[in-house]
Amino acid sequence: MARAISPRRKWTITVVAWLLGLAIFFPILWTVLTSFKTEGEAIASPPSLVAFDWTLANYFEVQARSNYFKYVGNSIVIAVGSTLLGLLIAIPAAWAMAFSPTKRTKDVLMWMLSTKMLPPVGVLVPIYLIFRDTGLLDSRIGLIGVLTMINLPIIVWMLYTYFREIPGEILEAARMDGASLAKEIVYVLTPMALPGIASTMLLNIILAWNEAFWTLNLTASSAAPLTAFIAAYSSPEGLFWAKLSAASTLAIAPILIMGWFSQRQLIRGLTFGAVK
Amino acid sequence: MRLKALLLGTSFLAVSGLTAGAETLTIATVNNGDMIRMQKLTDDFKAKNPDIDLEWVTLEENVLRQRVTTDIATKGGQYDVLTIGTYEVPIWAKQDWLLPLENLGEDYDVDDLLPPIRAGLSYEDKLYAAPFYGESSMVMYRTDLFEEAGLEMPEAPTWEFVADAARKITDKDNEIYGICLRGKAGWGENMAFLTATANSFGARWFDENWQPQFDQPQWKETLDFYVNLMKDAGPPGASSNGFNENLALFQSGKCGMWIDATVAASFVTDPEESTVADKVGFALAPDNGLGKRGNWLWAWSLAIPAGTQKAEAAEKFIAWATGKDYLELVAEKEGWANVPPGTRTSLYENPEYAKIPFAEMTINSINTADPNNPTVDPVPYVGVQFVAIPEFQGLGTAVGQQFSAALAGQVTVDQALQSAQQLTQREMMKSGYIK
Amino acid sequence: MATLHTQSTARLMMAPAVVLLLLWMLVPLGMTVWFSFLRYNLLMPGMEEWSGFDNYYYFLTDPAFGTALVNTLLLVGGVLLISVGGGVALALLLDQPFFGQGIVRLLVIAPFFVMPTVSALVWKNMFMNPVYGLFAWVAKFFGLQPIDWLAEVPLFSIVLIVAWQWLPFATLILLTALQSLDEEQKEAAEMDGAGPVSRFIYIVLPHLSRAITVVILIETIFLLSVFAEILVTTNGGPGLESTNLTYLVYAQALLQFDVGAASAGGIVAVILANIVAIFLMRIIGKNLDA
C-alpha cells in the first residue's frame, strides 16, 4: 500500500463494494436458496431468504428424471477435450505468429477472429448433414471437434498476445547456446508461457462448458452435456420454480467452483495483451 | 455401476449390438407431466422386456420439435421413438418418414382408440402413430369464486357469458384474474387457442382458394374480443404465458377461469400440486351461436422414424406405453385421475374412471371437435387449431408473434391483423399456393 | 533473425490452425452459399430446385429484416455500454483497498461462469416474472404496479440479462489493466494537484483505452450472435421487439425449416458481421499495434 488512506474512507469503500458484489451475485445466490425450498415456498409472498424448511427433495426429483452424472461427465469430456485439442493446434500457430511475424500475421489473426462471427444457425443444416454422413451425430468426438473449431480463434489470439510479451532476447540467448527448437520450447518458453497457457485453458473450458447451440443441436442422448440437461426444464410444468433452481444449481456448480478455485490463474492471463 | 453400463452401451454401440445384449431405444419426448410419469414407470417395461434398454431425451416442446424435425428430415437417425402430434403425423407419413404401426400385438385393440384421434393419426387408413394422450380444450373454472360472485356456469357457455363472468370475478388487488388464456407466441401456443376460438367466431385462415383471411371482420372481432378481455380480466404478463405458465397460475389460485387443454384437468385437481384442487369445475369451450365451439383436438403420440434399425423393439415399447395395461398401471400407482386421458373408448366406459369429475367433459369435448370441418365457412385444409400444411409451423408462429404483440399492447389489433395478412400472403406466394 | 529456415518452420507451425479454420469456414459456408440459391425446405424433400436470388429477395424485403438489424445493433450497443461503463466503475472501486477484497472479487466474477441458458431461465422466472418474480414483489412492496419486463421492455430486459453475464469479464480485464498503472504516476499526478476527475480523464482513461478496445472486440464477437437468451425468454417477441439477426435466421431455419431462406439469411448475416468485423479490426488493429 503506497498510498495512505483514511480508515473512514476504507470502510465506506468496503460497504459499497460488498453491497455491489452481493447485488451482482444475488441471482445465483437466490437460485441456490430456492433450490432448497418446496414449490410452495419458492413462490411464497413475501419470499423468505433463509427461514424456510430446507429440503433436498428437488435434487432427488431432478436426479430421478435425468441422470445428472451422465451429463456432467459429457460436459467435462467435451469442455476439457476441446480445450486441450485447441491448445495443441493453437500453441504452434501462436508461437510462430509471435516469434516469426510476417507482414500478414495480423491479417491472418484478424481473419481467424472473424470466423467466430459466423452465425451458427446459418450453417446448422450443412454441419448436421456432414455429421450424419460421418456418423458423428450424438458423439463426443464430434462435439469436441466443433467446439475446438469455434474457440480456436480465441485461443490463438490469447496465446499470441501472451507469447508476444516474452522477450525475444531470451530466445536468442538460448539459440546461441545451441539449443534446438524442441529444447527451446521445453526449457525456455514453456515456463514463461505457462501462466498464459493456463489462463487460456481455463477461459476456454468455461466457454465450451457454456456453449448451448451446437451441444444441444448435435446431440440426442449419449453425448448430451449439461446444456441439454437444462433444456428439459426450460418451460414450466405447473409449479416448477424450485425444481428449475435445483437443475440450474447442478448445471452451474461444477464450473463455478472450478472458476473460483482457479480465478487467480484465469485472471493473470486474461489481458489479451491489453496490459503493457 | 449404472454409469459404467451407460458408457459401455453408448460408446461401443456396435459392440453391444453384437453381444446380443440389451438393445437401447432412444426416445425423444416432451417434458409434460404425463410423459415424466411414464419415464418413472419404465421399470415395468424393463421387467417385461429385459432385452430392451430405454434412453430418454426429454426436452421442452419447442426444442423437441426442432430437434426431432431436423433429425427426421435429414434422416439423421438419432431417435428410435418420437413424440409428435396430430399436426406432424399426416405430413410426415406422406413423406414416408414414419413406419406404419402394424405389429402392436394382439391385445392392443386398435379399434378401442377414440375415432377422432385415430383418424387424426392415420394416413391412407394406416395408423402411423399411437396416441399417448389425447386432448381437446374446455373451460376450467373456480367454483368458489363463481359462487362468491353469484354466477352459475352453464355446461355449454357462450363467449359473452365467459367474458362477463371473467370481468366480474377479477380482483386485481388480491391477484385474482378472471380469465387466463394463452398469449405466448407459437403455433402450438397462442395460435392453437386463437385459431380454435376464431373458428367459433366464424373466421378461418384461408378461403377455398388459399387466400389468407386476416382482413375479414371475423378475425377482427375475435382479436378485439381477446385483447379487450385480457386487458380487463387477464393476468399481467399474459403475452408470455403458454400452457404451462397458465397451469402454474391456475394451480396457485390466481385464475378464475382458464380455457385450455383437457389434460390440464388432472393437474389442477391434483391436491399435491394444486392449491385449488377441490374447487374446480368444468364446462365445454364457449361458442358464439354459430354452430362451432372453440375447442381443438390434439394427441401427443408415439411414432417410429423410418430410419431406425430397431423398429421391432420400438413398436414393443409403443404398444406398452399406449396400451390398456399402461392405463391400469398408472391407475394402480397414482390413481385413476392421473391416467393419460383421451385415447381409448374403454377408459370412458370404465365405471371407476367415470367417477373422475372431468372424465365426461373431456370425452364430450373430444367428440365435438371435427378436424375435417373445423370452420363455419368451408376451407381447403384439415385441422382445428392448425392448418395441416408443412408451412404452417413457421406461418403460425409468425402470425402468433403479431397477435402476441397486440396482446402486449406493442401494436394495435388492426396493425397486427394487417401484418398477419401480409406475411401470410408472402409465404403463400413464396410456396406457390397462390399466384 | 528471420532466416529462411525459421520462416518455413513458422509456416509449418501455423498450418494446422489455418488449414482447419479454412476448412471449417469454407465447407459449411460453401454449402450454405449453395443452399441459399435453392428452393429447399426440409419438410418437402425432393422438391429442391434452383431459385436464383429468390431467397435473398424474400429475406431482404422481409419487414422483419430491418427490425432485426436495428435490434442487433441496439443489443450489442446496449450491452457494451453497460458492461464497459459498469466495468470501469467497478474496476476503479475494486482497485481501492478494502476489507474482503478477495471475496468480493469472487462474487463479482461469478456471473461469467453461468451458462446463458441458465441465466436466462433464472432471470425470466425468478426475477422478471410479473406474478412470481422478485422484481414484481419489490414493486408491490412499494405499492407500485409490477412491470411485465419481457412484454413491456423485452429488448431492454435481454440487454440487462446479457450485460449481467458480461460485466464480470469487462471488470476483470479492466481491473488487471488498472493494477498495472504505475503507482508513481498516480502519485505524481496527485502531487501536481490534479483532482480525481482530471486524474481519471488524463491518466486512468488513456491507460485503460487498450483494455477497453479489447473488451469491446471480444464482447462484440459474442454479442453479435446472442441467441439462447432470446430463445429462452421472449422467443423474439412480442411481435419482433426482441428479434435479432441470429434469431431471425433461426426462425427461418428451425421454425419454418426453410433451409434456402435460412441460408440466404445466414450469408447476409455473415456479410454484415464481417463489415462490423472489418470496422472493428481497423480500430483495434491500430490500438493493438502500439
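**View 1. Crossing of helices H5 and H7 in chain A.** The axes of helix H5 (residues 105-115) of chain A and helix H7 (residues 140-164) of chain A cross at roughly 145° and come within 8 Å. Helices are DSSP runs (H or I, at least four residues) numbered from the N terminus; axes are lines fitted to C-alpha atoms over the stretch in contact, with angles from 0 to 180 degrees between N-to-C directions. The crossing of H5(A) and H7(A) is left-handed, that is, the near helix is turned anticlockwise from the far one by less than a right angle. H5(A) contributes A:Leu109, A:Met112, A:Leu113 and A:Thr115 to the contact, and H7(A) contributes A:Pro153, A:Val156, A:Trp157 and A:Tyr160. Contact requires C-beta atoms, placed from the backbone, within 7 Å.

The model is predicted: local features need pLDDT of at least 70, side-chain atom pairs count only at pLDDT 80 or more, and totals for chains, interfaces and linings use all residues. Residues are numbered from 1 along each chain as its sequence is written, and chains are lettered from A and ligands numbered from 1 in the order in which they are written.

**View 2. Surroundings of A:Leu159.** Not counting residues up to four places away in sequence, A:Leu159 touches A:Ala90, A:Ile91, A:Ala94, A:Gly196, A:Ile197 and A:Thr200.

**View 3. Side of chain C that touches chain A.** Here 79 residues of chain A are in contact with 84 residues of chain C. Helix H1 (residues 4-36) of chain C supplies the largest share of the chain C side, 17 residues. That side has 65 nonpolar, 16 polar and three charged residues. Nonpolar covers Ala, Val, Leu, Ile, Met, Phe, Trp, Tyr, Cys and Pro; charged covers Asp, Glu, Lys and Arg; the others, Gly among them, are polar.

Methods:
Two residues are in contact if their C-beta atoms, placed from the backbone, lie within 7 Å. Helices (H or I, at least four residues) and strands (E, at least two) are DSSP runs, numbered from the N terminus.
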